Amino acid sequence: MDFLLECIGFPPDLDHEALVDQVVQEGDPAPWRGDPQEHRTLALGAGLEVRLDREEGKDFWTLLPHYRSPHRLRMGIETLNHVPDSPFDALLTGWACPPNPGDPGPLLQPGEPGAYRLATWLVDAQRLPPHMPINHVLAVSIAGFALHVDYVGPNEGVCDPSILEQRRGAFVAPLGDPSAPGGCSDVSLRVRSIQHLRNPLTGQAVDLLVTDAPERPLLLFVSPWQLEEHGQPPPRPGWRIEGTFLFSGTVTGGVPVRRRTKAAAFG
């Protein structure tokens, strides 16, 4: 998954072992991730992080990008699957922006969808109880990292004129193939603005795409090396981006309160 690190400014010729050593030595324990020696995070500034994990019984490290999004997106749970191989992660699929106007936490009425379906990984799954009811509303802070970008350009450049009007809005949908990697969604979104960040370890520029979506913007990162390889121009505000993105983030609200059992009375 090293190519995902390109989205936050690590080049294709990244020295993987050197970065692992740096995160081990300079990073901090990753919250809600278990053994602090096996789960580390190195802050890069402006919300960017690189996360390092080694699961119990494994002899290899996993490096992944992370972004601390300032936005809280409400999601009504459709499925929430804890991962046996990685007990600190959970795969959430559900309806973003459900219709209840209150704070995160209350249940939706059966059959009430949201504005769009979305799939995302949650890296702090230990905050959640083992079982959550369907339609329960969580608040999550997430960002998407490009697996593949199919199109960057004006709306008029979308190939199929019959769906041009639809694509003027927002389209997000989890991958439907059961064999596809989890936490991935196809998107077609208009770029509202671009925040220019920088990876201090490599000096590479990192573009944070703020895209229009119902209720809250979705934040996307793309690899400039991938765009160049596939002949895609750099994104611009007002243009559209289409592709497949891996979403991940954390829970920021809506976690059920665990009630204490009443103590037995004596005497």
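These legends walk you through several close-up views of a predicted model. Residues are numbered from 1 along each chain as its sequence is written, and side-chain values rest on heavy atoms, with hydrogens and water left out. Because the model is predicted, local features need pLDDT of at least 70 and side-chain atom pairs count only at pLDDT 80 or more, while totals for chains, interfaces and linings use all residues.

**View 1. Arg33 and Asp89 meet in a salt bridge.**
A salt bridge here is a side-chain nitrogen of Lys or Arg within 4 Å of a carboxyl oxygen of Asp or Glu. For Arg33 and Asp89, the closest N and O atoms are 2.6 Å apart. The pair links distant parts of the chain, 56 residues apart: Arg33 sits in the loop between strand E1 (28–29) and strand E2 (39–45), and Asp89 in strand E6 (residues 86–96). Strands (E, at least two residues) and helices (H or I, at least four) are DSSP runs, numbered from the N terminus. Both Arg33 and Asp89 are buried; buried means under 20% relative accessible area, exposed over 50%, and partly exposed in between (1.4 Å probe, protein chains only).

**View 2. Two other salt bridges are Arg54 with Glu38 and Asp124 with Arg127.**
Side chains of opposite charge can pair when their charged atoms come close. Arg54 and Glu38 are 2.8 Å apart, N to O. Arg54 lies in the loop between strand E3 (48–53) and strand E4 (62–67) and Glu38 in the loop between E1 and E2, so this bridge ties together parts that are 16 residues apart in sequence. With 24% relative accessibility, Arg54 counts as partly exposed. For Asp124 and Arg127, the N to O distance is 3.7 Å. Here Asp124 is buried, at 4% relative accessibility, whereas Arg127 is partly exposed at 27%. The structure's count comes to 10 salt bridges.

A nonpolar core is a set of buried Ala, Val, Leu, Ile, Met, Phe, Trp, Tyr and Cys residues joined through side-chain atoms within 4.5 Å. The largest one has 61 residues, and those touching the most other members are Tyr67, Leu73, Tyr116, Leu218, Phe221, Ile241 and Phe245.

**View 3. E8 pairs with strands E5, E13 and E12.**
Two strands pair if DSSP finds at least two bridges between them. E5 (residues 73–83) runs antiparallel to E8, joined by four bridges, and Arg74 has Ala139 as its bridge partner in E8. E13 (residues 240–253) is also antiparallel to E8, over 13 bridges; there, Ala139 is partnered by Gly253. E12 (residues 218–221) runs parallel to E8 with two bridges, and Gly144 has Leu220 as its partner in E12.

**View 4. Phe145 and Phe221 form a stacked aromatic pair.**
Rings of Phe, Tyr and Trp (its six-membered ring) pair if their centres lie within 6.5 Å; planes under 30 degrees apart count as stacked, over 60 as edge-to-face, and the rest as tilted. Two aromatic pairs turn up in the whole structure. In the one shown, the ring centres are 5.4 Å apart and the planes meet at 10°, so the pair is stacked. Phe145 in E8 and Phe221 in E12 are 76 residues apart. Phe145 is buried at 2% relative accessible area, and Phe221 is buried at 0%. Together with Tyr67, Phe145 and Phe221 form one aromatic cluster.
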